[in-house]
Amino acid sequence: MENMLYVSSSPHIRSEVTTQRLMLDVIIALIPAAFAGIYFFGLRAALLIAVTVISSVVFEYLIRKMLKRNTTIGDLSAVVTGLILALNLPSTLPVWMAVVGSFFAIVIVKQLFGGLGYNFVNPALAARAFLIVSYGARMTSWTPPLTVANDIDALSYATPLGALKEGGQLPNLLDMFIGNIGGSLGETSALALIIGGIYLLARGVITWHIPVIYIGTVGLLAWIMGPYGIFTGNPLFHILAGGLMLGAIFMATDYTTSPMTKKGVVIYAIGCGVLTMLFRMYTNMPEGVSYAILLMNVSVPIIDRCTKPARFGGKAHV
Amino acid sequence: MKFQGFRGGVHPPQAKNTMECATARMGIPEKVVIPMQQHIGAPCQAMVKKGDTVKMGQVIGNSDAYVSVPIHSSVSGTVTAVSEQIISGSRPVVCIEIKPDGLQEISEDVKPPVVDSKESFLKAIRNSGLTGLGGAGFPTHVKLNPPKDAKIDTLIINGAECEPYITSDYRECMENTESIIEGIEHVLKWTGIPKALIGVEDNKPEAIKKLKKAVEKTSNISVHGLKTLYPQGAEKMLIKTLTGREVPPGKLPSDVGCLVMNVASVAFVAEYLKTGMPLIKKRVTVDGSSVRTPMNIEVLIGTPVGEVFKFSGGFVSEPAKIIMGGPMMGISLYSDEIPVMKYTNALLALNEKDGKIPEENVCIRCGRCVSVCPMNLLPFDIDRLVKANQYDILDKYNVMDCIECGCCAYTCPAKRMLTQSIRLGKDALRRKAKK
């Protein structure tokens, strides 16, 4: 035989899943929610999404070059971060603020800590929190969706959770499910998000555990912590309100910032649910998803350490 | 009996293209190269020298060590060289090269053994040169003689064959069914083990059916179809699925009352007791994207791999990788002159597309490696520590428990060389222990 042979350690075959394919699947899963955002909030939403995604990719390319590291925009993770960040923004946000958000997510939270796989919190969520702290008013100036705008004063419009906090009128559950409500670009249409979630499950990108346990915990606590006493709450309202669907399906499930063990994942999802409801009910913030997930993100190392799988053939097995 | 199954595992494409290929018989090769180490344990010393004539079945290598087996010539001919060669890994092994004379004269020593006790049975097994034919290569006479305090209640016969491509055990079940059952009965008789369980993955329904029919006349042998999941055929996983018992870390199957033998090994026991011909041939599955005609071939031990491929019809494309064994745990060969040995059960030739080693990317902490590991390990963590040369903390990660099945690296989206890192970690710990 004339030619050279590859010699390497086993295994000599690999599954077809690649990092890039996983990221592409997440982008595809977010398309329904992105379209819903454009449908309900108009072309300005499209502009915001485009600017956030493009600036995320550009920032990643530039910072990697500056740090003299290899180019990673090909793995599509910057696109995913930009897209998720965009879906967390109100449609009226000035475009330059979205760019600032991209910078914070990609350069500060992700690349300065080592890049993909090294971020200690969800970059898009951390950027959202940063923007709320920096530009609070603009980050919470919600407008009604185009489908109801004609009937309402268009200058400001409460989100369902905002209305709950202020004691205003609550929208009906069907509107909340489809997306005829105020809110950030991606969080309003539970329908669009669920379609994306089913795609992710079918493709094996996520497992059911985090979304179901997180949402289930919120529903259970919403029912228990009812406004008229225990077990009088409306679980569906809290499940469909705010960023829970978006957070539970797309942000809490981020690989790098969720636990590596099965037991750990359950603890993490329950923790997200508990914190979300505690923030919603007992603080003056209407929404709790962002901070709940961020706090659980930083707990992941200790959760991982405490939930290591039992040793095969160890003491428990005789 | 409740089947527990095991945790984790992966579903690589089964690629059992040669299931219906009845075993073809390859003739005598141009030369045979017989290494003096084809088993776990002490290497053999060459018993012949350059220029000697040898006969088929003659002992050409032996050792006084307990954990060792004799090695026999698979051809009659003349010894042309006794030299050190690199077979796999980096340590050279003494090899005896023989030029066959084409006559295949059988040695006078080849005659059916007299077996009338456990001791004579074990001696016969040793003399036959039998080592685990499933690929592990552990001397069978040692395996069948566990310490006196080990109470063995179950003999498990491994017909799982969970690796992709390989069908040689399946063909054994279809072509040698009677020998398998006879072999089991011999082993049960002389070891005193009360019962035997034969485990076969359910992607081989015909074999399960045929075996079930063959055991109808026995009272203590049963056949079980197992869910097809890699690595079902791994000893520890097979024991867990069939008996629910987990072999403790660092211990052997005999410590949980089990002995595991491959179907081909146990069939060989029956044939050896009948004919006295030692282990000199092996059924090998030839497959892979570069191979023109995948098939099962009975090959004389010592036949260079290149000659086996030529016999099968050669290549349709230039092979980029040649593997001895299955794609999940096999050894990639650096040359096609390396011979078929006792533990070879497949030869795969992969083309450039399949054989190319993918580039490693950064770990995205997806957790897939943790969820597929059948031994409950944390491959990503071990990989991280090994790459950072932090070997001192490594023993807390149960690295020695790894069975090197390759599930972690197979499933990793970032194509990280996890199995390789774990092997490096194990090696580092072994060297630390020696100091």
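## Close-up views of a two-chain predicted model

**Figure 1. The contact between chain A and chain B.** In this predicted model, 33 residues of chain A are in contact with 50 residues of chain B, two residues being in contact if their C-beta atoms, placed from the backbone, lie within 7 Å. The side of chain A that touches chain B comprises 14 nonpolar, 15 polar and four charged residues, where Ala, Val, Leu, Ile, Met, Phe, Trp, Tyr, Cys and Pro count as nonpolar, Asp, Glu, Lys and Arg as charged, and the others, Gly among them, as polar. Residues are numbered from 1 along each chain as its sequence is written, while chains are lettered from A and ligands numbered from 1 in the order in which they are written. Because the model is predicted, local features need pLDDT of at least 70 and side-chain atom pairs count only at pLDDT 80 or more, whereas totals for chains, interfaces and linings use all residues.

**Figure 2. The crossing of helices H3 and H5 of chain A.** The axes of H3(A) (residues 77-87) and H5(A) (residues 123-134) come within 8 Å and cross at roughly 40°; helices are DSSP runs of H or I with at least four residues, strands are runs of E with at least two, and both are numbered from the N terminus. Axes are lines fitted to C-alpha atoms, for helices over the stretch in contact, and angles run from 0 to 180 degrees between N-to-C directions. H3(A) and H5(A) are therefore oblique to each other, since angles under 35 degrees count as roughly parallel, over 145 as roughly antiparallel, 65 to 115 as roughly perpendicular and the rest as oblique. On the H3(A) side the contact is made by A:Thr81, A:Ile84 and A:Leu85, and on the H5(A) side by A:Pro123, A:Ala124, A:Ala127 and A:Arg128. By class, this contact has five nonpolar, one polar and one charged residues.

**Figure 3. Helix H7 of chain B and the glycine that follows.** The 13 residues of H7(B) (residues 263-275) should span 18 Å at 1.5 Å a residue, and the end C-alpha atoms are 19 Å apart, which agrees; the expected span is 1.5 Å times one less than the number of residues. The buried residues of H7(B) are B:Val263, B:Ala264, B:Ser265, B:Val266, B:Ala267, B:Phe268, B:Val269, B:Ala270 and B:Tyr272. A residue is buried if 20 or more other C-beta atoms lie within 10 Å of its own, exposed if 12 or fewer, and partly exposed in between, with C-beta atoms placed from the backbone. After H7(B) comes B:Gly276, whose phi is positive, near 80°.

**Figure 4. B:Glu307 in helix H8 of chain B****.** B:Glu307 lies in H8 (residues 305-311) and is buried, with 21 other C-beta atoms within 10 Å. Leaving aside neighbours within four places in sequence, B:Glu307 is in contact with B:Pro29 and B:Glu30.
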